[in-house]
Amino acid sequence: MIFAFEPQRVVYYQLCGNLFANGLRHVMARHCAVGDGSVSSIDVPQLDPQTDPNLGALSLDPNVLKWQRGSALGSGVESVPCIKLDDAGLPHAHLLKIDVEGMELEVLKGARSYIEASGWPVLMFEVWPESITPYAQKRKELLDFVAQELGYTSAHVGDLCIAQRPGFERIEIKVDGNRVDVRSKPA
């Protein structure tokens, strides 16, 4: 079973339409944001799908959002529930793929107990380059949290980070320049 969370209403509708059109009954989608529990809801800018070329690139981190979009935030905002994965009642995971445009640290902080209860699943997430000024410090905090708080080691290829906790490896990762080869680890 796959669980997907999407805070932008129009992207959530697109996700649900794709799941239905492709008969993907093993995916459960929820219209909400995921974070660290510091807020119970988050304001999500309402972008125009007719004029915005990449709705999925929207960051909900206020610093990144301001840098990324300036004042061009569409036609208002929608308040959307923001949950912690620790409180989501999910079955144990083997893999957490986090693609939240600069909010990876918040998601992982809100999933610490879930990650441990799941037996230290593989983590895949974006690590934006330090050249994105409002993100540089957060990048360091994210990588420190993954290594020091969760005890994971990681491999990086471009903006992709794949992390596993030593002793709980489920995949083999080989990095060769800008190419990554990921394979299931033999039992």
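Confidence in this predicted chain is lowest in helix H2 (residues 62-69), at a mean of 61, and highest in helix H4 (residues 112-117), at 98. Those figures are pLDDT, the predictor's confidence in each residue on a scale from 0 to 100. Over the chain, the mean pLDDT is 88, and 91% of the residues reach 70 or more. Where pLDDT is low, the predicted coordinates should not be read in detail.

Here is how to read the values. Because the model is predicted, local features need pLDDT of at least 70 and side-chain atom pairs count only at pLDDT 80 or more, while totals for chains, interfaces and linings use all residues. Residues are numbered from 1 along each chain as its sequence is written, and side-chain values use heavy atoms, with hydrogens and water left out.

**The four-stranded sheet**

- An open sheet of 4 strands runs in the order S6-S7-S9-S8, and its pairing is mixed. Helices (H or I, at least four residues) and strands (E, at least two) are DSSP runs numbered from the N terminus, and two strands pair if DSSP finds at least two bridges between them.
- Strand S6 (95-98) and strand S8 (153-157) are the edge strands, each pairing on one side only.
- From one strand to the next, the twist averages 15°. For such angles, axes are lines fitted to C-alpha atoms, for helices over the stretch in contact, and the angles run from 0 to 180 degrees between N-to-C directions.

**Strand by strand**

- S6 and S7 are joined in the parallel sense by 4 bridges, and isoleucine 98 has phenylalanine 125 of S7 as its bridge partner.
- Strand S7 (residues 122-126) and strand S9 (residues 160-164) run antiparallel, with 4 bridges between them.
- Along S9, alanine 163 is the bridge partner of leucine 123, and isoleucine 162 stands opposite methionine 124.
- S8 and S9 are also antiparallel, joined by 5 bridges; here threonine 153 stands opposite glutamine 164 of S9.
- These two strands, S8 and S9, form a hairpin with 2 residues between them, and glycine 158 in the turn has a positive phi of about 60°.
- S9 is largely enclosed by the rest of the structure, because 4 of its 5 residues are buried. Buried means under 20% relative accessible area, exposed means over 50%, and partly exposed lies in between (1.4 Å probe, protein chains only).

**Cysteines**

- The structure holds 0 disulfides, a disulfide being a pair of cysteine sulfur atoms within 2.5 Å.
- Cysteine 32 is in no disulfide, and the nearest cysteine sulfur, that of cysteine 82, is 7.8 Å away.
- Cysteine 32 counts as buried because its relative accessibility is 3%.
- Cysteine 161 counts as buried too, at 0% relative accessibility.

**Arginine 139**

- Arginine 139 has its place in helix H5 (residues 136-149), and it is buried because its relative accessible area is 19%.
- Its side chain reaches the backbone oxygen of valine 127 at 3.5 Å. A polar contact is a pair of N or O atoms within 3.5 Å; within protein, one must be able to donate a hydrogen and the other to accept it, and residues adjacent in sequence count only if both atoms are side-chain atoms.
- Not counting residues up to four places away in sequence, arginine 139 touches Val127, Trp128, Pro129 and Glu130, where contact means heavy atoms within 4.5 Å.

- Arginine 112 sits in helix H4 and counts as partly exposed because its relative accessibility is 34%.
- Asp86, Phe145, Glu149 and Leu150 are the residues that arginine 112 touches, leaving aside residues up to four places away in sequence.
- Proline 186 lies in the segment after strand S11 (179-184) and is exposed, with a relative accessible area of 58%.
- Proline 186 and arginine 112 are 74 residues apart in sequence and 27 Å apart in space, C-alpha to C-alpha.
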